[in-house]
Amino acid sequence: DQGSHLVGLVGAGIGPSLSPALHEREADELGLRYLYRRLDLAELGVPPADVGDVLAAARMSGFDGLNITHPCKQLVLEHLDDLAPEAAALGAVNTVVFAEGTAVGHNTDSSGFARSVAVGLPNVSLDRVALLGAGGAGAAVAHALLTLGTGTLEVFDVDASRSEALAGSLRERFGADRAHRAKALADSLRLADGLVHATPTGMAGHPGLPLAAELLRPELWVADVVYRPLNTELVETARARGCQVLDGGRMAVFQAADSFRLFTGREPDAGRMLRHFDAL
Ligand code: NAD
């Protein structure tokens, strides 16, 4: 149906997600008929491993596409017919588009972070970057940074096997010298141009600062992927210490904008979405 759009979000515990409001408001502004439904696995009583059933049901019911979130970004892979290059490289999908009988996976977390850096941290050096947190968001951010031209990325995670695995897969994709596991974050930060934080620390349910405040030199730029709240303890501390700071809101908005474009073929107004996000 060319005239209207039906999309949704699949994940567990997604009740508080801002995505429905963000997408639907932008569609209203563009004069589109657009419904964004929550398909919450926890509420549906569907185990994450059965995400394929939800995909099949949505496809049969005429959905145009789905956003995919925790804990299904990897589980969904085996149910797709094709992957966009970024999603294939990352092995994670946050957007599925149903078209012409196929389901194609994309990753707009990575493209969204890249755009948020271009807009929110113009003119900073991306040459040496320390990444704290090697989970799903960390992998998306790392891919974006190395694509944007970061020379050396040092990855730190409390779980050393995760930082080692991420650094190894980045070396395979981008070259032997481009990514390393950091043994100590403090050492990486001494030489770094910037820090990206991608652990859950600072979220509403996990308050706190993920590193010692003294490590935040004013010359260091700091990007947080956590976006609830926007002003995390890290964002506030880094600002107070004179660092250039990017909060997680822009990544969240740009990943939504990129998904919206994939779902509708229409270019959303990302600035307008950002203002709306701020007001939500
Ligand atoms: P995840 O569980 O996949 O990964 C988190 C990683 O952080 C794990 O590897 C864990 O071992 C590590 N970790 C936890 N505490 C640590 C600490 N104190 N020091 C070092 N490492 C630590 O989670 P995720 O899906 O990557 O999400 C992380 C955060 O990113 C969440 O707050 C999420 O909301 C946010 N996120 C934001 C966006 C956005 O658009 N802004 C997109 C995706 C995720």
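1. The C-alpha centres of domain 1 and domain 2 lie 26 Å apart. Domain 1 covers 4-107 + 251-279 and domain 2 covers 125-243; these bounds come from an automatic or database domain assignment.

2. A quick caution before going on. This is a predicted model, where local features need pLDDT of at least 70, side-chain atom pairs count only at pLDDT 80 or more, and totals for chains, interfaces and linings use all residues. Residues are numbered from 1 along each chain as its sequence is written.

3. Where the domains touch, domain 1 puts in eight residues and domain 2 seven residues (contact: C-beta atoms, placed from the backbone, within 7 Å). On the domain 1 side, α4 (85-90) and α10 each supply at least two residues, and α4 has the largest share with three residues. Helices here are DSSP runs of H or I with at least four residues, numbered from the N terminus.

4. By class, that side of domain 1 has five nonpolar, one polar and two charged residues. Ala, Val, Leu, Ile, Met, Phe, Trp, Tyr, Cys and Pro count as nonpolar, Asp, Glu, Lys and Arg as charged, and the others, Gly among them, as polar.

5. Now the ligand: it lies between domain 1 and domain 2, because both give residues to the shell around it. Of the 26 residues there, G135, G136, A137, T199 and G248 come nearest (near: C-beta atom, placed from the backbone, within 6 Å). The elements giving two or more residues to this shell are α6 (136-148) and α10 (249-264). Its residues split into 13 nonpolar, nine polar and four charged.

6. Have a look at α6 and its partner α5 (residues 108-120): their axes come within 8 Å and cross at roughly 55 degrees. Axes are lines fitted to C-alpha atoms, for helices over the stretch in contact, with angles from 0 to 180 degrees between N-to-C directions. α5 and α6 are therefore oblique to each other (angles under 35 degrees count as roughly parallel, over 145 as roughly antiparallel, 65 to 115 as roughly perpendicular, the rest as oblique). Among the residues that meet are F113 and V117 in α5 and A140 and V141 in α6.

7. α6 also pairs with α7 (residues 160-174), the axes coming within 11 Å and crossing at roughly 30 degrees. α6 and α7 are therefore roughly parallel to each other. G138, A139, A142 and L146 of α6 and L166, L170 and F174 of α7 make the contact, with six nonpolar, one polar and no charged residues.

Note on methods
Contact = placed C-beta atoms within 7 Å.
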